[in-house]
Amino acid sequence: MAVLTRGAYADAGTSLDFKTGNWRSTDMPAHVHAAAPCHAACPAGEDQQAWFALLQQHDPKGAWCELVSANPLPAITGRVCPHPCETACNRAALEGALAIHNVERWLGDQAVAQGWAYPVAPPAVDAPVVAIVGAGPAGLSAAYHCLRQGLRAEIFEALPEAGGLLRSGIPATRLPRDVLDAELARLLALPGITLNLRARLGRDVTLEGLRASHAAVLLGPGCQEGKEWSVRGAVPTDLHEGLALLRKFMDVGAFPPGDRVVVHGGGNTAMDLCRLMKRAGAAQVTLVTASGLPGPDTDPSDRINVVPRELEEALEEGIEIIPHASINRLIMKGSKVTGVEIVSLRKFTGKDGHSERVSFGGTERVLPVDLVIPCVGERVSPEGLEAVIQGGYLAPEDIWGRLPQDGVFAVGDARGDRGTVAQAIGDGRRAAMAAAAMIAGTGAPPLAERPTIPASALNPVYYPPSRRTLVPVLPVAERGFETEIEGDIGTAAAMAEAARCLSCGNCLACDNCWTFCPDNAVIKTAELARDGSHYVFDLDYCKGCGLCAQECPTGYIQMLPETL
Amino acid sequence: MREAIEGSLAIARAVAMCRPDVVAAYPITPQTHIVENLSRLVAEGQMHTEFVSVESEFSAASVVLGAAATGARAYTATASQGVLLMAEVLFNIAGLRIPLVMTVANRAVSAPLSIWNDHGDSMAVRDSGWIQIHCADNQEAVDTTIQAFRIAQETELPVMVCMDGFVLTHTMEIIDMPSQADVDGWLPPFEFDRRLDPANPKSFGMLVTPEYFAEIRHAHHAAMARALPVIEAADRDWAALTGRATGGLLAVEGDPEADVAIIAMGSTVGTLRAGMAADAGRAGPARLLNLRAFRPFPAEALRAALAGVKHLIVIDRAISPGLGGIVGAEVAAALYDMPDRPRLHNHALGLGGRDIPETIYADLLAAIKDLDAPGFSVFDADLAKLAPEDR
Amino acid sequence: MKEFRIHGRGGQGSVAAAYLLAAAAFEAGFTCQAFPSFGAERRGAPVTAFVRIDSAPIHLRAQIQTPDFLIVQDDTLLLDHAITAGLKPGGAMLVNSERPGEAIAADFGCRAFCVPATALAVETIGKPIPNTALLAAFLGLSGLMPLEALASALKGRFKGDTLARNLALIDRTAASVPQGLWKEPADA
Amino acid sequence: MTDDTRLSALRQKFGRPPAAPDEPATKAATATEAATEAATARTRQPRFEGLVSGHRACQGCGEALAARLVMEASGPDVMVANATGCLEVFTTPWPQSAWRVPWIHSLFENAPAVASGMEAAMKAKGRNTKVLAFGGDGGTYDIGFQALSGMLERYHNILYICYDNEAYMNTGVQRSSSTPHAAATTTSPAGKDRMGKRHLKKDLLSIIAAHHIPYAASASVAFPQDLQRKVRYAMGIEGPTFIVVHSPCPLGWKHASALTIEVARRAVECGLFPLVELERGSLSNIMPIRHLRPVTDYLQLQGRFSHLFDKDDPRAERERDHLQALADYNIAAFGLAGEGGDDAADTGGHAAVGRGGPIAGRV
């Protein structure tokens, strides 16, 4: 029983005895670290939001370390990745997506220039050794992630140089060779990685031999064989398959003659070819693709799968693109093609999820051509892989890349369901994790699935308007075969771009919850952040009004049902 | 030092001697001369106080409330409508147990408008929880004002010093004014622990639920009871210093053996005193009770003073329509348990400034012989002035 | 006890006159009481103020209904014949007027004396404020208290040049009236 | 560490919570110790908590938030006179007070006068603890208006804060002179013959400014940095200052408690509650509205305006247009449409945040 004070006064702050937490009837606030859309979209598994947060704190090295915890090759991916992260970026709906790939590239270049050490410890001398076939992006990523898992990696590469498709299939205008060499050299120099060059599977080593000698085998041979291509059985005698043509060009620097070229396909190889041939002198280069061009109404699954800026640059350079079309017939003069008949078509997705292409009769038209180049994909070269290959690919059972053979994993393009460097890098990481789990006998690693936060969950009013940094691009007239077309973003712009990150789904430490709680039920903790935030909900006093969640700019605070 | 001095000026000078930190007041007849004189003392640099010239009595009371709550000695004065406009604040001040001193220059309450003296104003706030002390003359008013600051401080109750408007406030008479040194030595500096203090922040004026409200009111009532000896002690100490007693709670004069007694408050006491002297025994002797403390009501002292009295005349300077005399009713209640309690003759007199002549003494005494007289009357009302249906 | 009623108009200093008279009485060793008519009269309206002087303490708070003396600050007030209402039998009236006192005495049936107080005040203090001159005249006529008492009272109220001129005014006025004309044998 | 243990560590560090007054304290601190501890805790606090948790405001109370923000920006060397109203009732049910500064409540209509007395006392004692006076719109626009005018005229060194929730919320949502036109309250209900309040919201700020005081401003809980800048500015002024803070009341305005800030923000962005500053009666600053929005964006969130969205009632559109016209008038009169600068010291137009806190005020 309280003893009355004279005149009924009270001492300061005594309302703390009255716990208003029991006023909450339905929901309570909670920190929910949902995945930012960039992270969710990243095939390599980068958390761009996380490394942008470190950049916002003026810690480029920390940002790079965070980045390379998923992707060891940012200087490369920053140049070649079609960056689905930018497509997914929630800022796209405001003033344009963040220039994520530019900053990624800048970070990668900074790391090379500054000699920042990869955040991996050398594995134990007697650590299990994983055999990795192929020193392309998948294999290199796998080797790197083996180190991160405490394993050693021994790479077997058939060619005299590491790099795989990075070296053989991407022109220097997109990926300068010095950049490629520098980043690969740093990675391959990591203690615990052994690289065997000119070691071809089926010739110098065998799958069974590797299985016997190593704790696990990761197969990342890539796709080396062009698919057969014909139009209703017709195959021109002077047919050049796209990837092979590109490789050849990069080796010898010349294309077959032809003024009017039609490229058939919808990937980066097709795009590279179009642009290189145009620059090499072809008067008219046309890309015929079944996909659609990017646009507000284009379904993501229908969108042409190329680096968006490459598409823009190609259009600048005068490449003609015929979307939603296919080659219906080849018009031959003898064994040579003189024209192609194009027909419009669309992809329709049926109820079973399979898509079907339907061509529209009456839309046929003819293009006169000198050269037709199919770029419709490649297959795994079966040499040494006869035991595991299925329908031209190594078709693994799951995202970890497990093949039916114990301890054998498939990564990268050889899986048949991949197509980008970033996907290959993601494959390498996952396979290394799965291999490590298998070696440790702990089964498959857990899938860290976080829900993705949509733009609608943000409160955008708190973000000051800020336009995307435009990076200098080589003028069309100056574009050749060596000089990189897209320029460097530079430190200041990279930091400015980082400041544009909305921090979707994660704590921005913006103080809004702390500022707006009418009940002082949000406590700021400078040094005690456990869940990545700097705030704790004092549920003794929180009345559950939901203001903090409503005003949280990043959607990091959500009202969840009261737990009893 | 004895001086011929106007009542209001004397009060202003007495207040100044008590060195209030804050004075706030709004002018109203007949309190005006007090605040004018205080203003002049401030303007002349003879008084160092924050004089807040407010825009209403409501704010005057609120300002001194705030000032006292902040640990300042504070003072205000008002009358009549001003008391009623303050009413809400007065209850609040008392409920907060804030020590303050206020002079009420008693005046009738409108309507009809009357600027003249009676006790209708302070009676209207008798239940506000303030100590109310009435003064029979200006000497009493000066001495009581100084005592009031000490009483307020010791009891943590606000004190209302009531003096009849015009009759005292505007009258020059001879007053023995205390010296500043006397007051400085007698009145302790203002200290109030329950104050707004950044070093020890507290919250005042809170919401109190039914579980505690009754206790708060009981405590207030008990504090009033404890104030009775404080008032007496203040007067004793003051008398020891100055040789002048004000009479404390209740002063008894006249014939101590008389079986007739008259109770009055304020300046009426002087006229009755003069009337008794002039009567020279023709109407008979009486005990004359100068009832000074109306709140707290000195029931015990009253009963002691009335031992052996057969007829008690109680004079009211206000009326509670529907009941009659207020002092009369309260005296009756106080005497209810008294064995051989006297017969009560309750009269309202001098309402709205009606002159109370010297002959009132004889007239009142004569009236007790009328066995059929009502227990209460407006003694000096001439009903012939009323339409028959309004009588 | 002597009771006074002072008649004037709002703004003429009747209340001040009452206070001065009472203060003079205090200086002379008497007890005193002075008060205005309790009202709300405005400038120019007829007003009254009252004084009681006694040698014993004064307790009476009643209005003065039967004054011993009237002091009239403005002879236009005599147009109201009720001005002498309540004046005690044998009472006297001092009037600020250039008219002869005898005529007024005849008019009102009481003792009366006139002093040209306004003229004297204008001459001496430069302002038409008759109250100090009237009080001085009264003291001279009545012999109730020495003129020094009034001088002391004035010293409590005025300073400097104003005081000096008022002192000169009361000396001059007091000397101008027949000394002790109203002196009562019983008081002597 | 779990949240619970972290909380207890934090509470220990920041000195909360004290023992209840009716429980014997485990170890009574001396006054000096207590003062030292309080001072230490205060210096460690990343902000001054003048109004602590455990008060009994409704969920999502705009007024509680506004008062908290004001205390942070003004404290700790202040004392408060608080008019009767929600704020007073929900912070001080005896024996528990949510205030950490000297605080007094007297009556509904006298907070400015009580504050005047406090300030006079401070002056008399030669101290300079700033006095704040708090009132709701009832206590400020209406019943306490006279006392407020007196306080301003007498030039007391007081910062008066009006928490404007546009009705008598404490007594159950009755209209005040601050209630906007057409809003429904329990004494201005919408019905067959009436469309809510018939009269206009009183332009109090102009009246206040007409006292020629050094500083009068309007602020909103939706723009806390702006609000706190204004409070700090006013705190630095010797003399009477006045800030009216738009503080939504989820109960009275009939909106979800989570929307308090959103509603307040829209009130500013549609022009119905302009954020302006007046010094010596002259307009000295405004918060520009970067994206003007129609008043309906503001109105439709609130049940008190739901009758304005009755499709079958021809009066609804008229009243909506009327409110839009009032907003347009404000926008034109104060020149509200604009971008707002990028001066970090000026909060105009910004409630923007970045990593590590609000952007406004970063210099």
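Helices here are DSSP runs of H or I with at least four residues, strands are runs of E with at least two, and both are numbered from the N terminus. Axes are lines fitted to C-alpha atoms, for helices over the stretch in contact, and angles run from 0 to 180 degrees between N-to-C directions.

Some housekeeping. This is a predicted model, where local features need pLDDT of at least 70 and side-chain atom pairs count only at pLDDT 80 or more, while totals for chains, interfaces and linings use all residues. Residues are numbered from 1 along each chain as its sequence is written, and chains are lettered from A and ligands numbered from 1 in the order in which they are written.

Two strands pair if DSSP finds at least two bridges between them. Strand 1 of chain A runs antiparallel to strand 9 of chain B, residues 202-204, and two bridges join them. A:Ala10 has B:Ser203 as its bridge partner, and A:Asp11 has B:Lys202.

Next, the chain contacts. Two residues are in contact if their C-beta atoms, placed from the backbone, lie within 7 Å. Which chains share the most contacts? Of the four pairs in contact, that is chains A and D. There, 52 residues of chain D are in contact with 53 residues of chain A. On the chain D side, the elements giving two or more residues are helix 1 (3-13), helix 3, helix 11 (260-269), strand 9 (353-354) and strand 10 (357-358). By class, that side has 26 nonpolar, 15 polar and 11 charged residues. Nonpolar means Ala, Val, Leu, Ile, Met, Phe, Trp, Tyr, Cys and Pro; charged means Asp, Glu, Lys and Arg; the others, Gly among them, are polar.

Two pairs do not touch. Chains A and C have their nearest C-alpha atoms 41 Å apart, and for chains C and D the closest lie 27 Å apart.

Within chain B, helix 9 (residues 268-279) packs against helix 12 (residues 360-367) at about 80 degrees, with axes 7 Å apart. That makes the two helices of chain B roughly perpendicular, a label for angles of 65 to 115 degrees, with under 35 roughly parallel, over 145 roughly antiparallel and the rest oblique. Among the residues that meet are B:Leu272 and B:Met276 of helix 9 and B:Tyr361 of helix 12. The contact divides into five nonpolar, two polar and one charged residue.

Last, helix 7 of chain D, residues 145-153. Its buried residues are D:Ala147, D:Leu148, D:Gly150, D:Met151 and D:Leu152. Buried means 20 or more other C-beta atoms within 10 Å of the residue's own, exposed means 12 or fewer, and partly exposed is in between, with C-beta atoms placed from the backbone. The cover includes helix 3 (57-69) of chain B and, from chain D, helix 5 (111-124), helix 6 (137-142), strand 4 and helix 8 (204-209).
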